[in-house]
Amino acid sequence: MRVTSHITSVSWIPSEAVKGYTKPAFTMGIAHYDEPPPDTIGDLDSLRVADAFRFAHRLEAWAEFDGNALVGHGVGGGLIMGSTTVRLGPLGITFAAFALPDLRSEPEAGDGWVRFTQTVGGRTALPLPRRSSARRTCGSSPRSCGRRCR
């Protein structure tokens, strides 16, 4: 018997999530909130083209069993990055985001089951500045980096 399955998670920015000093970029229209994703995602690529999410994580898997014995399996999917669109009045420019490599562990299998795991991630093209309490640990001198190093 062959069993197939897939799952998609979508990362998006609702208006309630943006507070503090980053909110003016959204309220002035430089950056944008995302509409809630649909309950059922039919065409993920059309959502990406419409700049409707920040990134999506897609996992597609199949397994073949002979009784309870696993005889074959495969996995696909991965990260689908959105983009960052910045607007100033009627002008806008879109920047591609940066995807990190997908990480897939070897599947775990037992009597009549198999489990697939996948980790994905990336960076937006133009992240909004945010406060950080971390100190620089690069070892460069304070004169070259302009920060206080440990």
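**Exercise 1. Determine whether Arg-54 is buried or exposed, and describe the salt bridge that its side chain forms.**

*Solution.* 
Step 1. Arg-54 has a relative accessible area of 14%. Buried means under 20%, so Arg-54 is buried. The structure considered here is a predicted model.
Step 2. The partner of Arg-54 is Asp-34, and the closest N and O atoms of this salt bridge are 2.9 Å apart.
Step 3. The two residues come from distant parts of the chain, 20 residues apart: Asp-34 belongs to the loop between α1 (23–27) and α2 (44–49), whereas Arg-54 belongs to the loop between α2 and β2.
Step 4. Asp-34 has a relative accessible area of 7%, and it is therefore buried as well.

**Exercise 2. Identify the residue with which Glu-64 forms a salt bridge, and locate both partners in the chain.**

*Solution.* 
Step 1. Glu-64 is paired with Arg-2, with 3.0 Å between the closest N and O atoms.
Step 2. This pair links distant parts of the chain: Glu-64 is in strand β2 (residues 55–66) and Arg-2 in strand β1 (residues 2–11), 62 residues apart.
Step 3. The relative accessibility of Glu-64 is 31%, so this residue counts as partly exposed. Arg-2, at 48%, also counts as partly exposed.
Step 4. Arg-2 has a further interaction: its charged end sits over the ring of Trp-62, 4.2 Å from the centre of that ring.

**Exercise 3. Describe the salt bridge between Asp-45 and Arg-48, and state where the two residues lie.**

*Solution.* 
Step 1. The side chains of Asp-45 and Arg-48 meet at an N to O distance of 2.9 Å.
Step 2. Both residues lie in helix α2, with a separation of 3 residues, which is about one turn of the helix.
Step 3. Asp-45 has 42% relative accessibility and counts as partly exposed. Arg-48, with a relative accessible area of 31%, is partly exposed too.

**Exercise 4. Summarise the structure as a whole: its secondary structure, its burial and its interactions.**

*Solution.* 
Step 1. The secondary structure consists of 3 helices and 11 strands. Along the sequence, these elements follow the pattern β-α-α-β-β-β-β-β-β-β-β-β-β-α.
Step 2. The protein has 150 residues, of which 23% count as buried. It exposes about 10,600 Å², and carbon and sulfur atoms supply 54% of this area.
Step 3. Among contacts between residues at least 6 apart in sequence, 54% join residues at least 24 apart.
Step 4. The structure contains 5 salt bridges, while a search of the whole structure finds 0 aromatic pairs.

Key: Residues are numbered from 1 along each chain as its sequence is written. This is a predicted model: local features need pLDDT of at least 70, side-chain atom pairs count only at pLDDT 80 or more; totals for chains, interfaces and linings use all residues. Side-chain values use heavy atoms; hydrogens and water are left out. Rings of Phe, Tyr and Trp (its six-membered ring) pair if their centres lie within 6.5 Å; planes under 30 degrees apart count as stacked, over 60 as edge-to-face and the rest as tilted. A charge sits over a ring if NZ of Lys or CZ of Arg is within 6 Å of the ring centre and within 35 degrees of the ring normal. A salt bridge is a side-chain nitrogen of Lys or Arg within 4 Å of a carboxyl oxygen of Asp or Glu. Helices (H or I, at least four residues) and strands (E, at least two) are DSSP runs, numbered from the N terminus. Buried means under 20% relative accessible area, exposed over 50%, partly exposed in between (1.4 Å probe, protein chains only). Contact means heavy atoms within 4.5 Å. Accessible areas come from the Shrake-Rupley method with a 1.4 Å probe; for residues, only the protein chains shown count as cover.
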